[in-house]
Amino acid sequence: MFFLRQLRKLKLPPRMLAQFYTAIIESILTSSITVWYAGATVRDRLRLQRIVHAAEKVIGCRLPSIQNLYISRTRRCAGRITADPSHPGHGLFSPLPSGRRLRSIRTKTSRYMNSFFPSAIRLLNTK
């Protein structure tokens, strides 16, 4: 955020500030987001969203929320897994007989329930 504010002081246009945010800050915030977001607490998610909101104020334009970034990246990652039959997790994305939804994975612990594969299947089933 410090560098973003410094760039704003140099009177860079909002488009360049948004590019800087996407390249630097957003990439740090969302590193491995598909793995850790489903297991994050509400408090942690709100803290991250607060950073995005502060960047919106500095830049002066709307930015995608952390949840929207998680949804888009998880769908993209799950789409790649379902398209690649040689992927080790390909068999976990098995469709139900109707063909419209995926079979959910039975989990015994909340830790596994909040991991990537079950949360990706839940996300894909709620289109």
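**Exercise 1.** Determine whether Arg-62 is buried or exposed in this predicted model, and identify the residue with which Arg-62 forms a salt bridge.

*Solution.* Arg-62 has a relative accessibility of 70%. The cut-off for exposed is over 50%, so Arg-62 counts as exposed. Its salt-bridge partner is Glu-56, with the closest N and O atoms 3.5 Å apart. Glu-56, at 10% relative accessibility, is buried.

**Exercise 2.** State how many salt bridges the model contains, and describe the one that involves Glu-26.

*Solution.* The count is two salt bridges. In one of them, the side chains of Glu-26 and Arg-73 meet at 3.8 Å, N to O. This pair links distant parts of the chain, 47 residues apart: Glu-26 belongs to helix α2 (residues 14-29) and Arg-73 to helix α5 (residues 66-83). Glu-26 is buried at 7% relative accessibility, whereas Arg-73 is partly exposed at 25%.

**Exercise 3.** Characterise the surroundings of Ser-119.

*Solution.* Begin with location: Ser-119 lies in helix α7, residues 116-125. Next, consider accessibility: a relative accessible area of 4% falls under the 20% cut-off, so Ser-119 is buried. A polar atom of the Ser-119 side chain lies 3.0 Å from the backbone oxygen of Phe-116. Finally, leaving aside residues up to four places away in sequence, Ser-119 touches Ala-38, Tyr-70, Met-113 and Asn-114.

**Exercise 4.** Report the number of disulfides and the accessibility of Cys-61 and Cys-77.

*Solution.* The whole structure contains zero disulfides. Cys-61 is partly exposed at 29% relative accessible area, and Cys-77 is partly exposed at 27%.

Terms used
Residues are numbered from 1 along each chain as its sequence is written. This is a predicted model: local features need pLDDT of at least 70, side-chain atom pairs count only at pLDDT 80 or more; totals for chains, interfaces and linings use all residues. Side-chain values use heavy atoms; hydrogens and water are left out. A disulfide is a pair of cysteine sulfur atoms within 2.5 Å. Buried means under 20% relative accessible area, exposed over 50%, partly exposed in between (1.4 Å probe, protein chains only). Helices (H or I, at least four residues) and strands (E, at least two) are DSSP runs, numbered from the N terminus. A polar contact is a pair of N or O atoms within 3.5 Å; within protein, one must be able to donate a hydrogen and the other to accept it, and residues adjacent in sequence count only if both atoms are side-chain atoms. Contact means heavy atoms within 4.5 Å. A salt bridge is a side-chain nitrogen of Lys or Arg within 4 Å of a carboxyl oxygen of Asp or Glu.
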